[in-house]
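Hello,

Here is the structure for you to look over. My notes on its core and its aromatic rings follow below.

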Amino acid sequence: MKVFPYIKAVSQISIQEPLTDVWMESPHWYDANFVRSIDPDFKPFVPAAQGRRMGKLLKRALTTSLSVIRESGIACPDAIMMGTGLGCIESTERFLESLCHDGEQLLKPTHFMQSTHNTVASLIGIQTGNTGYNITYSHKGISVDCALHDALVQFKLGMIGSALVGGNDEVSPSYFTLLKKIGFVGQDSEVCGEASVAMMLSNEQENALCQVKGVKVLYRPDVCRLQSVLSQMLSEADTSLGGIDAVMTGISGNRLNDKYYYDLLPELLPGVPVLHYKHIFGESYSASGLGVYATVRCLQHGFIPQSLVLEQPTCSVPAPNRILLLNIADGKDYSFILLEKICGK
């Protein structure tokens, strides 16, 4: 059965101006390899007394989630799906540092309780009084994609009518050093950032921003498999390769990561304009969520900023109707996400 949910609201906190779309006209540019998120005023979303017991990632996640809840008017979604690669890594570090320095005598339970990967989804469930489906995916760079795929499956099964989907990751200075050593971030011209993204999905079209027309997640596919899956997804969405106006990629400036895109795109999507977003929002395990966010805004506002167009600074891309997101994580995990503009908007 063809069931394609609508995205009613999206929100982000990243290395760009938080909770706004200012980046589309005047993005912040960074020369450093590691940049932490620009935090908004949390007071309208997180009470001060409660916020003192929360780590930064929890406050960011709660703020983006409550922001889309207020914008969409869906106070209690049927399901909460979150993706994260590292979870609340700073709380984990503080707990382990205390364990190393003080033994087992003076440990703070708050850091331990907030160190698990599903802390964010649980907190949002508690704050919204939600007792429905609640799950966290932790699959490195494909985590948000898996959460969105799960949401689409639940909609198709008729199990839910709305879903809060998001991705949240923070990167501490010490963990950035480790990630840089293994080559994940901080290579070449790549910027490592942090991400907190939330989106509200619903089967109701009213006041929606765009529509999710397909999500596919694959492990170690060859080109033939990718072509077959993409063709099937486009067929299910009643479109074709010629109906794709642009492809949003995870090209980040890291040669180890980018070669997978450059090798694949000419064969998989010949002639389709290529976009990228990680040079603006930074690389992280939840960066693909920012890719979805940026794509939604392009479809909503009816234009693609030149800053997103890869190697075509003087070429204007027409107002998009359909944008395909291609995410490749570690050269092993691949995902397709197809978003479509709502007719008449």
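Contact here means heavy atoms within 4.5 Å. By that rule, and leaving aside neighbours within four places in sequence, valine 165 is in contact with Met81, Met82, Ala147, Leu148, Ala151, Val197, Ala198, Met199 and Leu201. Bear in mind that this is a predicted model.

Val165 belongs to the largest nonpolar core, which has 48 residues. It is among those with the most contacts inside that core, together with Ile7, Met199, Leu201, Ile304 and Leu339. Helix H11 (residues 287-301) supplies the largest share of this core, 8 residues.

Now the rings. There are 5 aromatic pairs in the structure. One of them is stacked: phenylalanine 184 with tyrosine 285, at 4.4 Å centre to centre and 25 degrees between the planes. Phenylalanine 184 lies in the loop between helix H7 (173-181) and strand S5 (195-202), and tyrosine 285 in the loop between helix H10 (278-281) and H11, so the pair ties together parts that are 101 residues apart in sequence. Phenylalanine 184 is buried, at 16% relative accessible area. Tyrosine 285 is buried too, at 8%.

Phenylalanine 281 and tyrosine 293 make an edge-to-face pair, because their planes stand at 90 degrees, with centres 6.1 Å apart. Phenylalanine 281 is in helix H10 and tyrosine 293 in helix H11, 12 residues apart. Both residues are buried. With Trp23, Phe281 and Tyr293 form one aromatic cluster.

One charge to check as well: the charged end of lysine 259 sits over the ring of tyrosine 260, 3.9 Å from its centre.

Best wishes

Notes:
Residues numbered from 1 in each chain as written. Predicted model: local features only at pLDDT ≥ 70, side-chain atom pairs only at ≥ 80, totals over all residues. Heavy atoms only, no water. Core = buried A, V, L, I, M, F, W, Y, C linked by side-chain atoms within 4.5 Å. Buried < 20%, exposed > 50% of the residue type's maximum accessible area, 1.4 Å probe, protein only. Helix = DSSP H or I, 4+ residues; strand = E, 2+ residues; numbered from the N terminus. Phe/Tyr/Trp six-rings, centres within 6.5 Å; stacked < 30°, edge-to-face > 60°. Lys NZ or Arg CZ within 6 Å of the ring centre and 35° of its normal.
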